[in-house]
Amino acid sequence: MNRMQADHFGQHYKSSEESKMFRALRRLLVKKFGGVKRFLFFVTCVAIILYCLHSIFAGGSRQIWDVQGNTLNMSVDNGCGVECPPDHFSFYVRTGEKNTVKPTICFQGKIVLSPDVNAKSSGRGLNIALIDGKQFQVKEVKQFDTYVHGTQAPKRTDKIIITAFDTKKGDNDLIRYLKKGIPDDWIVIIATFDEAASGLRTDARKWLKLYGSSLIDGMAFRDSFVMVGQRGLLEGHAIEYINKRDKSEDYAAVLEKAGCFAMPLGPLGSLQVALPEMLQGKAIALGEALPHCGRSSQCPKGTVSVGTFTGFENAKPPYICVNGRIIMSENLNKGGRGFNVVTLSSQSLQPVTLMHADTYTSDSTDLELYLEALVNGDIVIAVVADDGAKKLSNSARDLLNTFGSGFIQNLRFRDVWYFVGQKGMEGFTTMEEISYAGYDGGWPKQLKGAFCVPRKLSGRKIIPDPEFFRFDERREFCKKFDGYPEFCDPAYVDDKLKTVGVADKVLQGHAIFDTPLIIVPGLNHNALVRTLETTLMQPGIKQNNVIIMWDEKFPEHAELAKLFGFKNASLPSSTKYMEQMGHALKESVNIFPSADHFIVVEEELLLAPDFLSFLAQCFSTLNSDPTLLAVSSWNFNGFEKTSGNRGIVYRVEEFPGMGFLVKKKAMAALTDSFPQCCTNSRAWHGWKFEGEGHFEILMPDVSRVFRQPFHGIGQEEVFMTDLFLRPRTTSLEQPSPLQDLSSLMEREYEMYLNNLIAGCTVFPTANLGQCISGVEPPPDLSTEKHCLAIYFEQASSLDFVRLGEISRCFGLLSARNLRPKNLHNGMLRFWYQERHIFLVGSFTPYYKNKPAESDAVRLP
């Protein structure tokens with residue numbers, strides 16, 4: 001067989017086989033249906049039946065067209081330009097255009113919403129026309145601002161209720177409306193305007209899906225969206241369209257649709273699964289017995305025992321007990337995380353309904369609807385476990401307030417709370433407590449309560465203070481910034497930052513409390529916290545007079561200032577602390593132009609309890625003497641062995657800085673000369689006021705500030721170690737009167753000093769020889785009864801060699817390359833072993849008081 005014959009045979013065989021198949025199919029159709037024509041008729045009938053069933057059960061017939069680009073006569077007479085078959089309903093819907101032209105909704109030839117009809121009732125967000133599912137009439141038009149949220153009272157115009165919503169309650173009102181405000185099977189027509197997606201949370205989108213939407217999850221910022229849906233319509237069967245905003249455009253394009261639809265819109269389902277489950281009657285199961293619900297004895301007649309437990313962390317479940325039986329817990333009556341609620345009849349004092357709302361995962365409208373359905377007199381027992389605050393709305397909190405809660409407004413993430421209140425009660429319940437979680441989400445302290453609940457609860461007029469105070473702003477700060485182990489310690493993070501009143505009546509109304517207090521922080525933020533804490537503790541402090549002058553690189557210092565209620569100001573960035581100090585002093589004069597004095601507090605200082613009191617007592621003397629420029633609260637020589645008399649104040653030639661009260665004139669002079677005198681040196685090196693001539697500073701014997709340890713480097717190491725690392729004396733007591741303040745005026749002070757020195761015992765110089773040479777310790781003066789004067793010779797008024805040696809012998813600050821500190825006319829005065837010591841040089845005006853027979857420490 002050649003190839004051609006083979007091909008012919010194959011085709012013949014194939015044709016023969018196909019003929020056999022067709023003949024067999026024909027015999028089957030004749031046998032079953034009586035012929036091919038009857039079979040085709042049967043198929044057509046089945047198709048028609050299926051189509052009808054689909055129309056009835058899987059969605060009514062609909063015809064939709066895009067209006068944009070077409071001409072549509074929007075007159076009421078012609079049905080808004082839409083003609084529909086019998087038993088169909090016409091609609092036209094157009095979204096708003098940008099934020100300028102409002103949306104339009106037309107149903108069955110009636111324009112119910114447009115820029116000209118009910119324009120005031122439409123607005124940003126979702127605009128909804130609600131249609132009766134039986135009479136097919138428009139009953140309401142609502143607008144929900146789902147960009148920024150809210151609600152207000154409805155207004156009635158003709159037969160349509162118009163409700164506009166403000167910005168207070170978020171999409172909570174939309175959810176409430178979709179859940180309970182619309183009867184079953186009713187129709188909604190929705191059009192967006194401006195922006196509708198930002199405030200539309202997951203819960204609201206979920207409920208729009210229960211009206212047939214499948215596109216709502218895809219609606220984003222400034223997208224256009226229209227929808228015709230029906231309550232209970234299965235997801236995906238709504239008439240809906242969405243225009244996505246192009247990233248290059250501010251708004252999405254306008255959506256404009258018209259069409260016809262039959263009822264129902266599609267397959268309908270039950271919404272019961274989405275509504276809160278409320279247990280009542282026989283559905284309430286009884287749990288284990290708990291005698292008297294945790295009380296030690298039985299409740300009196302006319303009351304019922306009630307017990308509450310918030311659970312322990314996530315290890316022990318919460319419970320509610322009534323009349324000796326637990327009736328709600330994690331595995332009982334659907335209790336668990338969030339709100340566990342039991343309602344008692346005020347007549348029988350027995351449970352009538354129970355409900356659970358997990359407001360960690362779902363919105364709180366179920367809880368609100370449940371509470372709103374209760375009648376006056378109903379007693380509500382509620383326990384929040386694990387977390388119930390995440391999705392708890394302000395509406396729910398306000399509602400619980402009307403039941404007598406005073407603490408629910410304070411509920412935050414993972415806080416626990418129990419409450420027994422009554423609908424319609426006046427005042428605040430006494431059966432309520434709240435426990436706060438740590439700012440870092442740590443578990444709160446568990447709470448238990450056991451009560452005898454009467455038929456009518458009596459409330460307190462004033463909200464009681466909770467067992468614990470929560471400092472939310474401080475918690476937020478600690479979440480935001482690391483590195484504050486003490487300030488953010490969970491054990492203290494809720495401690496109040498509050499001021500203290502003036503106890504001393506003499507100081508009440510004193511000008512010191514109206515004096516600006518300038519705090520110039522350094523790099524140590526924990527040190528700043530301690531400075532602010534001790535500032536706030538000053539009796540009489542006025543927070544609005546305290547200002548933190550912070551380097552712009554450290555904005556957290558501004559937030560710290562706000563926590564303490566202080567002002568703050570940003571300064572240009574500095575590479576040196578003294579540059580920042582210069583900026584701060586100059587800016588302070590600008591911020592407080594009418595101030596006559598300024599208080600300046602340098603970095604890393606702790607203020608003594610009587611810091612302001614000390615400055616206040618020196619205030620009058622400072623103002624009365626033109627030769628006094630400032631009052632310092634820090635003593636260079638304020639060590640444990642060289643100070644100790646809280647009542648003594650000295651006049652000194654140095655300016656110690658640290659924490660000081662300064663006159664405005666001196667402040668201006670210091671500011672003007674700051675770049676030359678002070679930018680490269682700290683106050684303890686010696687600041688110089690230019691153009692003031694001779695001046696002095698008042699300084700306490702016992703410091704009123706404590707400077708935290710400071711280490712020097714290089715050549716300064718020895719000096720800084722001697723200055724800051726030796727034990728110091730700082731006032732830790734409450735304010736006390738200062739001594740001899742009247743003697744601190746320039747002329748009076750000279751008389752005062754001469755009288756003191758003249759009455760002093762002259763200390764034998766022979767007893768100092770070994771101490772000066774470093775062989776023996778400082779002398780023991782415990783047997784002396786009077787002040788002591790030690791005289792020494794000088795080669796000139798600027799010769800302080802011997803003074804330095806004697807100072808080192810007593811433990812005073814005296815670096816070998818610097819002159820001793822705290823001099824007044826070349827004389828050094830200090831407090832040692834409970835007595836005055838005067839070191840008097842031969843070139844000082846006080847050397848004349850040396851008795852002729854007494855010796856002086858001679859020059860080498």
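This is a predicted model: local features need pLDDT of at least 70, side-chain atom pairs count only at pLDDT 80 or more; totals for chains, interfaces and linings use all residues.
Q: What makes up the secondary structure of the chain, and how much of the chain counts as buried?
A: The secondary structure comes to 17 helices and 37 strands. Of the 860 residues, 53% count as buried. As for contacts with a separation of 6 or more, 69% are between residues 24 or more positions apart.

Q: Why is α7 called roughly antiparallel to α9?
A: The axes of helix α7 (residues 472-480) and helix α9 (residues 556-563) cross at roughly 165° and come within 10 Å. Angles over 145 degrees count as roughly antiparallel, so α7 is roughly antiparallel to α9. The crossing of these two helices is left-handed.

Q: What is the angle between α3 and α5, and what is the handedness of their crossing?
A: Helix α3 (172-181) and helix α5 (residues 365-373) pack at about 60°, with axes 10 Å apart. Their crossing is right-handed. Asn 172, Ile 175, Arg 176, Lys 179 and Lys 180 of α3 meet Thr 365, Asp 366, Glu 368, Leu 369 and Glu 372 of α5. By type, the residues of this contact are two nonpolar, two polar and six charged.

Q: How do you know that α5 is mostly covered?
A: Seven of the nine residues of α5 are buried, namely Thr 365, Asp 366, Leu 367, Glu 368, Leu 369, Tyr 370 and Leu 371. These buried residues pack against α3, β13, β17, β18 (351-357), β19 (379-385) and α6 (394-402).

Q: Which residues of α4 are buried, and what do they pack against?
A: In helix α4 (residues 202-209), the buried residues are Asp 203, Ala 204, Arg 205, Trp 207 and Leu 208. Their packing partners are β5 (125-131), α3, β9 (187-193) and β10 (224-230).

Q: What makes a set of residues a nonpolar core, and how many residues has the largest one here?
A: The members are buried nonpolar residues joined through side-chain atoms within 4.5 Å. The largest such core has 102 residues, and those with the most contacts inside it are Phe 487, Ile 512, Leu 517, Leu 560, Phe 564, Ile 599 and Phe 611. Helix α11 (residues 611-624) gives the largest share of this core, eight residues. Leaving out residues up to four places away in sequence, Phe 564 touches Phe 487, Leu 497, Val 529, Leu 532, Glu 533, Leu 536 and Gln 543. Another core, of 46 residues, lies apart from the largest one, and among its members are Leu 130, Ile 189, Ala 197 and Tyr 211.

Q: Why is Leu 839 called buried?
A: Its relative accessible area is 0%. The cut-off for buried is under 20%, so Leu 839 is buried. This residue is found in strand β37 (residues 835-841). Beyond its neighbours within four places in sequence, Leu 839 is in contact with Ile 790, Phe 792, Leu 803, Ile 806, Ser 807, Leu 812, Met 827, Leu 828 and Phe 830. Ile 806 is 33 residues from Leu 839 along the chain, and their C-alpha atoms are separated by 8.1 Å.

Q: Why is Asn 323 called partly exposed, and why does Asn 333 count as buried?
A: Asn 323 has a relative accessible area of 45%. Asn 333 is at 11%, so it counts as buried. Asn 323 is found in the loop between β15 (319-322) and β16 (325-329), and Asn 333 in the loop between β16 and β17 (338-344).

Q: What is worth noting about phi of Asn 323 and Asn 333?
A: Most residues other than glycine have a negative phi. Phi of Asn 323 is near 55°, a positive value, and phi of Asn 333 is also near 55°.

Q: Where is a cis peptide bond found, and what is its omega?
A: A cis peptide bond joins Met 263 and Pro 264, with omega about -5°. Pro 264 lies in the loop between β12 (256-261) and β13 (278-280).

Key
Residues are numbered from 1 along each chain as its sequence is written. Side-chain values use heavy atoms; hydrogens and water are left out. Buried means under 20% relative accessible area, exposed over 50%, partly exposed in between (1.4 Å probe, protein chains only). Helices (H or I, at least four residues) and strands (E, at least two) are DSSP runs, numbered from the N terminus. Contact means heavy atoms within 4.5 Å. Axes are lines fitted to C-alpha atoms, for helices over the stretch in contact, and angles run from 0 to 180 degrees between N-to-C directions. Angles under 35 degrees count as roughly parallel, over 145 as roughly antiparallel, 65 to 115 as roughly perpendicular and the rest as oblique. A crossing is left-handed if the near helix is turned anticlockwise from the far one by less than a right angle, and right-handed if clockwise. Ala, Val, Leu, Ile, Met, Phe, Trp, Tyr, Cys and Pro count as nonpolar, Asp, Glu, Lys and Arg as charged, and the others, Gly among them, as polar.
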